[in-house]
Amino acid sequence: MTLLFAAFFLFILGALLAVIPGRTAARAATLLGSGSAILGCLFGLIAAGQGLIAEGAETFSLPWSMPGGAFSLRLDGLSAFFLLLLFIVGLAGALYGAEYMKGGRERRRPGLHWTWYNLLILSMTLVVTAANGLLFLFAWECMSLTSFFLVINEYDLTEAVEAGWTYLLATHLGAAFLFAFFLSAGALSGSLEFASFQVLSQLTAPVASGFFLLLLVGFGSKAGIFPFHVWLPDAHPAAPSHVSALMSGVMVKTAIYGLLRLSAFLPVGPAWWGSLLMAIGIIGALFGITMAALQRDIKRSLAYSTVENIGIILLALGFWMHSRVNGHPLAAAFALAGGLIHLLNHALFKSLLFLGAGSLMHGSGSRNLNRMGGLMRRMPVTGLLIVCGGLAISALPPFNGLIGEWFIYRALLESGTVLSGLAGFFPLVLIGLLALVGGMVLIVMTRIIGIALAGEPRSPEAAKAREAGWPMGSAMAALALLCLTGGLMPVFLLQVAGRAATLIDPSAATILAGTTMAPWWLGIMAILLLVCILAAYLFLRWRQGRTPVPASATWGCGFAFPSSRMSYSAESFTELPQSAMFCSCLQPSTEDGREIGFFPEARRFAFAAPDPMLTRVFKPFFRWAAEVCSGFRGLQAGQLHVYLLYIFSATILLLVWVGQR
Amino acid sequence: MDNYNPANMLLLLVILFNFFLLGSSRLNACIRTVAIQGGILSLLPLFLHGFSGHSLILAGGAFLLKGIAIPFLLLRAIRQVHIRREMEPLLGYVPTLLLGTLATAGAFIFSDRLPLIEIHRGSLFIPVGLATLATGFLMLITRRKAITQALGYLIFENGVFIFGMLLAEAMPLMVEAGVLLDLLVAVFVMGIVMHQINREFSTMNTDQLSSLRE
Amino acid sequence: MIAAILLLPFCGGLAAFCIPSDRFRPLLLPVCGLAHLVLTFFVIQGGQTAPLPMAGNWIVVDSFSRLILLIVSLLFCGCSFYAVGYLRYRIVWGNRIFVSCLLIFLAAMSLAAVARHLGLLWVAVEATTVASAPLIYYNRNRLSIEATWKYLILCSVGIALAMLGILFVAYAALAGGAQVSLQFDDILRGAANYSTPWLRAGFVFLLVGFGTKAGFAPLHTWKPDAYGEAPGVVGALLAGGLTSVAFLALLRTLQIMEAAGDGAMAREAFLAMGLVSLGFAAVFVIRQPDFKRLLAYSSVEHMGILAIGVAIGGVATFGAMLHLLNNALTKGVLFLAAGNIHRRFASKRVGEVQGAITLVPVSASLFLLGFLAITGSPPFAPFISEFTILRGIFTGGHYLTGGLFLFFLAVIFIGMGSTVLSVVFGTPPERKGDTNYRETIMTTGTPLVLLLIILILGIYLPEPVWSLVAEAAALLEVKP
Amino acid sequence: MLELLLHLFLLLGLSPLLPGVIGKTKALFAGRTGPPFLQSYYDIWKLFGKGLVISRTTTWVFRAGPVVGLAVPVLAALLVPFGAISAPLSFTGDLIFFVYLFGLARFFTASAAMDTGSSFEGMGAAREVTFSCLAEPTVFFSFIVLARLSGSLALDTMFGPALYTAWQSAGPSLILVVACLFVVVLVENCRIPFDDPNTHLELTMIHEVMVLDHSGPDFGMILYGAAMKLFVLGALVVRLVFPGSTGNLLLDTLLFAGGMLLLAVVIGLVESTMARLRLLRVPQLLVGTMLLSFFSLILLLR
């Protein structure tokens, strides 16, 4: 705990120091800001590790001069689990940003940026350790605000501000539901201390369901679960890459933390809670990955894949709730483990990918896949690391992505192969859909790698791309290494998840502690795979011999001068899946100039895949509501006589009302 | 009962003046009427509480302000701004009169229902006060000119003053003085603003004053 | 001491009227402001409720008075410094009336804060109206005239109704056979056996009368015009100081009703008023093209919040008292920053004001932060007070009210946000730099300090403030 | 240990035979003599001896394609029983690993194809990933059917002796599963009707077009890897069709080898009797198969 406070102190220090140098000494500001963030994260990592190893919970309480509030913290397995991924990603982000903020448009005021960054990490730390309702909300809102300021880092771009506003709107509206939850809970339990929330476990099912729904909507808007994901694809590209990494890797997960932590106080709910989560999850996963396949903006694509992964996590957790109620402890345990492990993994590889995308943007100067290309030759390290990230996120061995999904599949199979009738039906459908999602992830990742890294450069900037410096590279390398480690030694992942599970579902935790074989096998298989690949490689070297390999132009099937304009573009890569699989509501809007008359003149081809939820549901609704409000404008028509009439009629009304009583 | 008669006479006069104000179309006449009404009201305390020092000072002060100072201000205001001397009603005179009559009748009926204390039973103070309030209200919302709104406000104040008569002992002298002073200053400021309005818009018609709106 | 608090600004006002030089007259403001603040601190420290010797016991300092005095004095002191910087830009207009009216306005507000006699209270409140009218009229254009006129008429009529209410209260005493007096302690003592109908009627008139001044919907109609047309500094004083004073009068009314054992009815009325105000504000904030009128509606909203807090009672009362302070200070930040932006762009329409952050970075940032603060986001103080009010609501089991409250707050956040962001960000219009205004420490210092104060209050509530607020809240809970 | 060696021997030794057999069958149907059975052995051997040329555009990803393409089937083969010869490696839930293992191979083949920057190979990659994405649920559903029947989540047991009894209890759904898996074999190995291995019109090809730029040992490894992939996936179908076990290792091996050859013949039959589907019909057929496999599952669920 003391280490944690040291981390707090460092973050605050960094936040204050970073602004002092001001605009002039950008370098100094970056040094101070990122340095303190890195140090703080290191301290925090140790603290988190201790929290994971230590049995039981460490609590700390300090009176706070706020009505109803107390500065009470609690560091137990669950908190430590989330702290772990927070500090890992925060550390990598800070290291990465130290160089990233030097170049490009972000140059202008790194000081302020680092203030927000430190404060964001600080508030997230508070969120996952807070043990008091007021403190939690306080930290939660601070987290939203700081991340909002990070999103509008380039506030002279209209789309950045719009993205930030959408984000602030979504999270603020969600927070209203959280307010409702905490206030009602506080009213029922008489105090805002989490300790006193135990009373909630005596609630009747309907009331508890109400609470649960409040939590779901409140946290869902932050986690970006399906209908409330609309802010995500806009906010992530707007923010600097390491911030996108932190947001999509960790901040989104804090909502899952809140859901787990607070729903643990509620009584074990009816099965439909789990079913609801599962439905939302799988819909979100399918929707997210479909949209991800349609984006030509690399960060938008990654953001949508975050939606997909959150969907998978939600699916796992929902299945955990569902089968816990229906009495399948084994399936429940595996589902919970799968969800938690996937959550951790996603934090790792998604931030890795975002950082990589940032480096690619650094190199090619654009977020548009069609402006990249051929970067693997020019930025070999980054390219390699991105491929690692791509393998991990596609759940391919020998990386960590598979482990989480393996447990989720395993849970679904466990109950799917035993149950019969309708009960067994749903898990099996879910397996099929999950497999479909997995296949589409592969499409998305091969698309990103194939279009952005492979082939010929598609723009002059991309042709001149340079490899990023060591801070960015090392940050990514560290994450990639963690991904590989997770894949080779799944035991660690399982143990960590087990520690986190102890609080929310002890029985599951004991089961997980009992399952030792599976992770070992997965690890062994991964190692075997590496061995096979190595063997094949050596064989190839042997056959190839010492002679240098002659290089020539790509075989253009008889066409002598293939240019990058001819090679497959980001859109054409997904044309087949589009026409074959996607439902019409997700089809992108293309302004197509392809029909050729007798005398074809110049035509343009425009392509846009906006979010259907945003453009077809939310925006129209808000517009309508604003119209309705504007209808009342007539009440304030500027006529003094009318205003006087208001006063007198109000008096008369009140007099009548008083007379009635 | 009988020691109220002179007071009641005066109050009836007040009502008559109310009707005149609602019906008249001449601005000067209205101002003068308000002046007279104020003067009459300022005599009430003498009849009500005898010639005690308190009531004397009160009556004197009220007379000075309501009867002389304020009307003087208003007259000066309209003399400075050369405006047409009509009332320019939003609502015609006849309908206003009808409304006024209804209101007065209503006031009389309603005031019999009120849980008054013994000595005030049957006295005209309450109904007349209510009627005057209603008159002021009507003046405020049915007349266009800024100055007529000021007049309406004055009549409204008169109505309040009549109520005040009932419990002059509750109102210490200083407070009464303060009230009257405030009234004076308010009207003074109103006069200035009217002047400005006229200078800017070259009319005192408040229809111009509706550009601030949603 | 108290006499000094009242006389100092009054004499200052007279002196300001006499000083010939437009250049040096404004310097009187900070002097008086600081002195007033110091005196206020002494009064709060002294904590004596002893009546002022000469004026009978008409002027007494109780917990409400302390709170309101603190608010008014703090805000005024800040604004006085700002005003110096502001008037430097408006030197051509001359400022004799402006300065002296400001000081007299302060005197009137202080008097209202410490008045212990309903009549005196009334006089003081009416005096604030009269003193502030010229301030609103400062810009001397058609719109400001219109605003002033409306303000004058509406508030005067409202105040007249309040007078009627006072008389009714007195008559209630008469009818109830109690000792007829408007001295507040006498009323509280005797209220128990006042005649109920008259008292209730009186309450209604008082509520409407002072409510007009405080700006409850639908009595708020003067607010957008006055706040929109007045200079930023005046807007700050009106929205922060005057409304608080008017709310004090309402609190006194509520005290009387409590003492008469009729509190429930009064609280219901407050609750209704508050909800209506929230609703009105929510409707008019959406797509509000004028960012000063926007602030006016936000002020209506917060009057509603205060009313609800007081109506709910319990913890919420504490929250309301705290919110009185927070709201005043935050409004100060917002209006002063908005004033700067207005100066810079010579417009307050959203279409014409854009990208303020590039032209007036400090003011724009303050405006943005102030918006976040007023909409109740941590780490600013309004978050705490609004949350406390909400806690009171939910603890009291008024779940429907709480739901509506949250809903309206969310709507207002959306409305304000879209306007504020489009003002602050974006690219400034072409014809920028056509005004002579540049940011100086004089005009940005005050809102900065105020923001710091609410930031600190939002993170840590010092014991003195706590006790001050708690005592004020206690006055509403215990019936004398 | 013996099993491991036997597995590797069968896999490495026998797999190149299958393309030969298929080719021969097709040739017979076409009335030609066709290439010898051992043609693919010759090809692979020759290619391993050749030097190689690579495109200037490419990077290590391009070289990684063949390597992974060769390594994956070998590892996958160790999870699958060859006939009655049980798998050397087996653990609960290895079917998931099995499926994602082939995903890995696909990932690298597609990336390698994209790495050349040629539009044709990009097209091939896009088609490959799309079709396999549609095939994956089918595989899972078929596996689930077997898992339900055998009550185990390990491939070895799923394709174990339990099948024999399962044929009596749940014959219909098993027939469906066999059909589905056969389709999967065809699509995963790019046979007609999904792809035409030996057309030379690049636009119509999927797998072949992806490897246009590979040459020498690289290409040899690709051919070898493809053959092994066919072998491994085919082994599943064969095991389903011949669930029994004679108890004698030698007999079992022969039986299995015979089964594999028969499968090759059947594939050749299909290839020579059917025409290649239009590209946009392919997804429909795949979705149809998916539903078929799901239906076979429904049969068990009720």
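**Figure 1. Chain C meets chain B through 34 residues of chain C and 34 residues of chain B.** The model shown here and in the other views is predicted. Three helices of chain C each supply at least two residues of the side that touches chain B: α5 (118-136), α6 (142-175) and α9 (222-229). The largest share comes from α6(C), with 19 residues. By class, this side of chain C holds 24 nonpolar residues, six polar residues and four charged residues.

**Figure 2. Chain B is built from seven helices and zero strands.** Along the sequence the pattern reads α-α-α-α-α-α-α. The radius of gyration of chain B is 18 Å, close to the 17 Å that the globule rule gives for 214 residues, so chain B is as compact as a globular protein of that length. The C-alpha trace spans about 55 × 35 × 35 Å along its principal axes. Of the 214 residues of chain B, 48% count as buried. Take the contacts in chain B with a separation of 6 or more: 75% of them join residues 24 or more positions apart.

**Figure 3. Chains A and D share the most contacts of the four pairs of chains in contact.** Chain D gives 63 residues to this contact, and chain A gives 68 residues. On the side of chain D that touches chain A, the elements that give two or more residues are β1 (54-55), α4 (60-77), α5 (94-115), α6 (119-150), α11 (216-241) and α13 (281-301). The largest share, 18 residues, belongs to α6(D). Sorted by class, this side of chain D has 40 nonpolar residues, 15 polar residues and eight charged residues. Chain D has no contact with chain B, and the closest C-alpha atoms of these two chains lie 57 Å apart. Nor does a contact join chain D to chain C; here the closest C-alpha atoms lie 41 Å apart.

**Figure 4. A strand of chain A pairs with a strand of chain D.** The partners are β3 (residues 551-552) of chain A and β1(D). They pair in the parallel sense, over two bridges. A:Ser552 has D:Ser55, in β1(D), as its bridge partner. Strand β1(D) is also one of the elements that give two or more residues to the side of chain D that touches chain A.

**Figure 5. Strands β1(A) and β2(A) form a hairpin.** Strand β1 covers residues 58-63 of chain A, and strand β2 covers residues 70-75 of chain A. The two run antiparallel and are joined by six bridges. One bridge partner pair is A:Ser61 with A:Ser72, the latter in β2(A). Six residues lie between the strands. In this hairpin, A:Gly68 takes a positive phi near 85°.

**Figure 6. Helices α9(D) and α11(D) come within 10 Å, axis to axis.** Helix α9 covers residues 171-188 of chain D. The two axes cross at roughly 170°. Angles over 145 degrees count as roughly antiparallel, and α9(D) and α11(D) are therefore roughly antiparallel to each other. From α9(D), the contact uses D:Leu174, D:Val177, D:Val178, D:Leu181, D:Phe182, D:Val184, D:Val185 and D:Glu188. From α11(D) come D:Lys229, D:Leu233, D:Gly234, D:Leu236, D:Val237, D:Leu240 and D:Val241. The residues of this contact divide into 12 nonpolar, one polar and two charged. Helix α11(D) is also among the elements that give two or more residues to the side of chain D that touches chain A.

Note on methods: Residues are numbered from 1 along each chain as its sequence is written. Chains are lettered from A and ligands numbered from 1 in the order in which they are written. This is a predicted model: local features need pLDDT of at least 70, side-chain atom pairs count only at pLDDT 80 or more; totals for chains, interfaces and linings use all residues. Two residues are in contact if their C-beta atoms, placed from the backbone, lie within 7 Å. Helices (H or I, at least four residues) and strands (E, at least two) are DSSP runs, numbered from the N terminus. Ala, Val, Leu, Ile, Met, Phe, Trp, Tyr, Cys and Pro count as nonpolar, Asp, Glu, Lys and Arg as charged, and the others, Gly among them, as polar. Two strands pair if DSSP finds at least two bridges between them. The radius of gyration is taken over C-alpha atoms; the globule rule is 2.2 Å times the number of residues to the power 0.38. A residue is buried if 20 or more other C-beta atoms lie within 10 Å of its own, exposed if 12 or fewer, and partly exposed in between; C-beta atoms are placed from the backbone. Axes are lines fitted to C-alpha atoms, for helices over the stretch in contact, and angles run from 0 to 180 degrees between N-to-C directions. Angles under 35 degrees count as roughly parallel, over 145 as roughly antiparallel, 65 to 115 as roughly perpendicular and the rest as oblique.
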